[in-house]
Each structure stands twice: as structure tokens, then as C-alpha cells.
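My notes are below the picture.

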Amino acid sequence: MALTTPATRPANPRFSSGPCAKPPVWTLDKLADAPLGRSHRAAIGKAKLSAAIDQTREILGVPADHRIGIVPASDTGAVEMAMWSLLGARPCTMVAWESFGAGWVSDVVKQLKLDATVLNADYGQIVDMGAVDYDTDVVFTWNGTTSGVTMPNGDMIPASRAGLTICDATSAAFAQDLPWDKLDVTTFSWQKVMGGEAAHGMLILSPRAVERLESYTPAWPLPKIFRMTKGGKLIEGIFKGETINTPSMLAVEDYLVALDWAKSIGGLPALMARANANAQAIFDFCASRDWIDNLAEDPATRSNTSVCLKFTDSRITDGAAFAKAVAKCLEGEGIALDIGAYRDAPAGLRIWCGATVETADIEAMLPWLDWAFETEIAALSAAA
């Protein structure tokens with residue numbers, strides 16, 4: 001029997017986990033004020049970069065004594081910059097429960113060759129952060145972009161700690177409430193919750209992190225784009241918009257458009273509420289069906305941005321092939337683009353629910369997920 005396709009379609013089928021959907025008000029002409037063909041060192045370029053830093057601070061509520069810098073190579077560049085510049089002064093603990101966290105572990109152990117304590121959890125689970133030794137430097141990912149598992153809060157991180165906390169918050173910033181008193185280094189990119197363009201990273205340093213930078217010199221050479229001190233002092237210009245390398249002023253303008261939109265809807269509380277509503281729509285969908293579930297096992301650790309799902313129907317014998325078929329089916333219909341699980345993650349789907357996504361589009365997409373599932377199940381039966 002032919003399956004009936006749903007009547008309603010998402011207005012925007014973009015559910016990629018990065019680069020993510022643009023803000024709902026975005027149009028190309030909003031970039032008309034970008035100072036193209038101008039130096040980022042000219043007054044107008046410096047003003048734009050400084051505004052990006054100031055508005056980031058305002059919306060995220062970053063304390064005045066924390067430095068915020070725009071750095072090369074997206075979140076990856078920001079994390080690597082922090083690890084290569086800060087680690088090695090004291091023992092370190094590497095924590096991972098998904099692909100990117102595992103990548104930071106590999107870089108520290110294999111490239112920096114530090115004898116780190118490594119704590120891992122399987123996909124869908126999270127490391128017991130209360131059992132971590134915070135007298136060591138601790139590197140971790142706040143929100144697992146490839147597992148959909150997130151820190152529920154920062155309560156387990158002691159305010160009084162000897163080590164630094166280095167947090168990759170790229171799919172959490174602007175959608176989750178980050179405890180700045182518990183984070184010494186925080187990194188993210190523009191391309192996630194704010195729907196910005198790729199290649200630019202953000203690096204936020206607490207006073208404790210600055211103190212480490214000014215009192216410690218790593219044993220290894222640092223590439224130019226990682227160097228944040230000169231003569232034992234922080235290069236303050238980096239944190240005032242004087243970027244280490246040439247930024248894209250078009251991408252900067254795009255980020256400013258997103259920040260203006262965020263401010264116009266009510267700032268961080270409104271951004272969080274939008275992400276929560278998007279994710280909850282999917283959680284409710286899964287709760288009413290016995291063939292799909294959240295990859296995150298504990299509801300308290302379920303991400304409100306990178307929602308990762310697994311198929312649980314016993315008729316599915318090849319999970320990877322089935323998940324790819326469902327994702328391809330939805331993409332072919334123009335309903336949901338780029339929702340396959342990350343290549344290193346368990347087979348399934350990953351649906352981005354960050355603040356730039358409209359809840360109405362999530363709700364319009366979900367009946368099509370029902371349809372795609374039934375379509376592929378029927379194909380399995382026909383092939384048997």
C-alpha cells in the first residue's frame with residue numbers, strides 16, 4: 001500500500017550541525033555594510049571586529065575581566081591554540097565522550113606527547129565530571145556535537161581549583177548557560193548556534209588563564225598563529241580585535257547580523273528558549289514511538305542543539321544502511337538536509353536544533369520522518 005506523504009513541508013529544510021541555518025531574518029542584503037576591500041587594520045575594520053567582541057560579551061554575559069579574542073581556524077583553531085599554549089605546566093586530564101573530544105585527546109597524547117590522564121565514555125553516555133581531579137588541567141567538550149550528550153551544568157567543577165579548565169563549547173555557546181566562573185578557557189565558532197560562516201574561532205580567557213600564559217613557556221615551539229604573548233606579557237591587541245591573521249570582513253559582518261538578531265529577540269534567554277523548544281519537539285516525537293530514541297541515555301544530559309537519534313526497530317539489520325537511506329530519502333524530498341549521523345558516531349540521525357532553527361520547521365519535518373521510516377521499512381520487507 002502506498003504511503004501518504006504529509007501535507008506540510010518545512011519552510012527551511014536546513015538542519016545541518018555546521019554550518020547551521022542562518023537566523024530567520026537573514027537576507028544577503030544585510031551584509032551590504034561589510035567593509036569589503038578594506039584592511040581589517042583600518043579604523044572601520046577594527047571597529048567591526050571590536051563590535052563583534054563587545055556584542056559577544058554582552059549576549060553571553062562574559063565577565064568584564066575575561067578576554068575575548070577572534071582567532072583563526074574556527075573552534076578547532078581556538079582549542080588547539082589553548083592546548084598548545086597552556087598545557088604542560090602541570091598534569092592534565094583529557095575527557096571525551098564523542099568524536100571531537102577524542103580528537104583533542106589524540107592531539108595532546110600523540111602530538112604534544114603529554115602523559116595525560118584520559119577519561120572516556122561511550123557514545124550516549126558522559127564521564128563522571130565530579131570524579132575528575134581539578135588540581136590538574138582539564139580539557140573537555142561541554143556539548144558533544146557528534147553524540148548529543150551535554151554537561152547538565154557546571155556544579156561539579158570546584159570554584160577553588162589549582163588547574164585550568166579548557167572547554168570546547170562550540171555547540172553550546174548561545175544555546176546553553178555556561179558558568180564563566182568554572183571555565184578558564186572557552187572556545188566556540190560562529191557557524192553553530194549563531195548560523196555564522198566558518199573559519200573564525202572565539203577564544204575566551206579567564207584571569208587565571210592569562211596568568212598561566214604570562215608565567216609559563218611551553219617546551220615546544222609555537223606556530224605564529226598560536227602565540228598570545230610577547231616578552232612574557234599577553235598581546236592585548238588580540239583581544240581588542242587586532243587579529244593574528246587576516247579575517248574575512250564579510251564573515252565578520254555576517255556574525256554581527258546574527259548578534260543583532262539575537263539581541264533583538266531578547267538575548268541569551270530567548271536563544272536558549274528557542275533551542276529548548278526545538279529539541280523538545282523531537283524528544284516528544286521519540287517518546288511516542290517505539291522505533292526511534294535519543295542517543296543520549298540520561299535525559300539530563302540530552303543536548304538541546306545537536307540532537308542525535310538512533311533507530312531501535314528489530315527489523316533493521318543494517319543500522320548504518322538504514323539510517324543513510326532515511327536521510328537520503330528526506331534530502332531527496334527537500335525536507336531535511338544533512339541530518340545523517342557524524343561519520344565516527346553510531347548509525348542514526350543528527351538534527352540540529354540551535355536557535356536559528358524555527359520550531360515550526362522541526363514540527364513540519366517530523367511527520368516526514370515517520371513517512372521516511374515507513375517507506376524504508378517497507379523497502380526492507382519487499383527485499384526480504
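These entries go from the sheet to the helix and then to the backbone.

**Ground rules.** I am working on a predicted model, where local features need pLDDT of at least 70, side-chain atom pairs count only at pLDDT 80 or more, and totals for chains, interfaces and linings use all residues. Residues are numbered from 1 along each chain as its sequence is written, and side-chain values use heavy atoms, with hydrogens and water left out.

**Sheet.** I took helices (H or I, at least four residues) and strands (E, at least two) as DSSP runs, numbered from the N terminus. Two strands pair if DSSP finds at least two bridges between them. I found an open sheet of 3 strands, ordered E10-E11-E12, with antiparallel pairing. Its edge strands are E10 (292-294) and E12 (349-352), and each pairs on one side only. Neighbouring strands are turned by 30° against each other on average, direction ignored. For angles, axes are lines fitted to C-alpha atoms, for helices over the stretch in contact, and values run from 0 to 180 degrees between N-to-C directions. I looked up the link from E10 to E11 (residues 306-311): 3 bridges, antiparallel. Asn 294 stands opposite Leu 309 in E11. Helix H6 (residues 267-287) packs on this sheet and touches E10, E11 and E12; its direction makes about 15° with that of E11. Contact here means heavy atoms within 4.5 Å.

**Helix H1.** I checked its length. At 1.5 Å a residue, the 18 residues of H1 (residues 43-60) should span 26 Å, and the end C-alpha atoms are 26 Å apart, which agrees. The expected span is 1.5 Å times one less than the number of residues. Next, burial: buried means under 20% relative accessible area, exposed over 50%, partly exposed in between (1.4 Å probe, protein chains only). The buried residues of H1 include Leu 49, Ala 52, Ile 53 and Lys 48. Down the axis, the buried residues fall within an arc of 165°, so they line one face of H1. That arc is taken from the directions from the helix axis to the C-beta atoms. They pack against strands E1 (67-72), E6 (185-189) and E7 (200-205), and helices H5 (249-265) and H6. Gly 61 follows H1, with a positive phi near 70°.

**Backbone.** The peptide bond from Gly 18 to Pro 19 is cis, omega near -10°. Pro 19 is in the segment before H1. Phe 174, not a glycine, has a positive phi near 80°. Phe 174 lies in the loop between E5 (165-168) and E6, and counts as buried at 2% relative accessibility. Ala 199 also is not a glycine, yet its phi is positive, about 90°. Ala 199 sits in the loop between E6 and E7 and is partly exposed at 43%.
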